[in-house]
Amino acid sequence: MNSSHFSISLHILTLLDQVKGQLLNSEYIAGSINCNPVLVRKELANLHKYGFVQSKEGKGGGSTLAKNPADINLGDVYRAVKQKSLLGESKNKPNPDCPVGRQITKHLNDLYDEAETALVKNLSAKTLQDFSAGFK
């Protein structure tokens, strides 16, 4: 299964949207997520790399959205933070002499690709603005 990168990144982006331009530091964000600020800084660095956030270093620094929330597509966020296959990967090598074993990896990969394509399509129909609007 995928790690928590997407949920943490979406939490960060939603929090930044809710404060409307106010700079938030990693300690504040970590308090909201209830995790270590180091993890938040790693996620912020990745979100910065993909142009979702901008940061100001030093005392009084922090992060804010780099784009309008209506222009942040959740499918793009998912692709930016994805590290593993949605449904995982087989760790063993099937028996090539078995009629199922020699074909299973291809069939599983096709199935996984189809499922992930559906997920990304669904996420791509939503923006951060859409998602964040549910938090009042």
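**Pockets and packed interior**

Tutor: The second largest pocket is lined by Ser85, Gly88, Glu89, Ser90, Asn92, Pro94, Thr105, Leu108, Asn109, Tyr112 and Asp113. (A pocket is an open set of points on a 1 Å grid over the protein atoms alone, where a 1.4 Å probe fits, with protein on both sides within 12 Å along at least five of seven lines; lining residues have an atom within 4 Å of a point.) The model is predicted, with local features requiring pLDDT of at least 70 and side-chain atom pairs pLDDT 80 or more, while totals for chains, interfaces and linings use all residues. Residues are numbered from 1 along each chain as its sequence is written, and side-chain values use heavy atoms, without hydrogens or water.

This second largest pocket holds about 190 Å³ of space, a volume being the space filled by probe spheres set on grid points joined across faces, edges and corners. Its lining comprises three nonpolar, six polar and two charged residues (nonpolar: Ala, Val, Leu, Ile, Met, Phe, Trp, Tyr, Cys and Pro; charged: Asp, Glu, Lys and Arg; polar: the others, Gly among them).

The largest pocket contains about 260 Å³. It is lined by 14 residues, of which Arg41, Leu44, Ser55, Lys56 and Ser63 are the closest to its centre. At least two lining residues come from each of helix H2 (26-33), helix H3 (37-49), strand E1 (53-56) and strand E2 (62-65); these elements are DSSP runs numbered from the N terminus, helices being H or I of at least four residues and strands E of at least two. H3 contributes the most, with four residues. By class, this lining has three nonpolar, seven polar and four charged residues.

The largest nonpolar core has 27 residues, and those with the most contacts inside it are Ile12, Leu13, Ile29 and Phe52. (Such a core joins buried Ala, Val, Leu, Ile, Met, Phe, Trp, Tyr and Cys residues through side-chain atoms within 4.5 Å.) Two or more of its residues come from each of helix H1 (5-18), H2, H3, helix H4 (74-81) and helix H5 (104-124). H1 gives the most, namely seven.

Ile12 lies in helix H1 and is buried, with a relative accessible area of 0%; buried means under 20%, with a 1.4 Å probe and protein chains only. Beyond residues up to four places away in sequence, Ile12 touches Ile29, Ile33, Val40, Glu43, Leu44 and Leu47, where contact means heavy atoms within 4.5 Å. Ile29, leaving aside neighbours within four places, is in contact with Ile12, Leu15, Leu16, Leu24, Val40 and Leu44. Ile12 and Leu24 are twelve residues apart in sequence, with their C-alpha atoms 9.7 Å apart.

In H4, six of the eight residues are buried, so this helix is largely enclosed by the rest of the structure. The six are Leu74, Gly75, Val77, Tyr78, Ala80 and Val81, and the buried residues of H4 pack against H1, H3, H5 and helix H6 (128-132). Leu74, situated in H4, counts as buried at 2% relative accessibility. Its contacts, leaving aside neighbours within four places in sequence, are Phe6, Leu10, Leu123, Lys126, Thr127, Leu128 and Phe131. The C-alpha atoms of Leu74 and Lys126 are separated by 5.9 Å, although the two residues are 52 apart along the chain.

Conventions
Buried means under 20% relative accessible area, exposed over 50%, partly exposed in between (1.4 Å probe, protein chains only).
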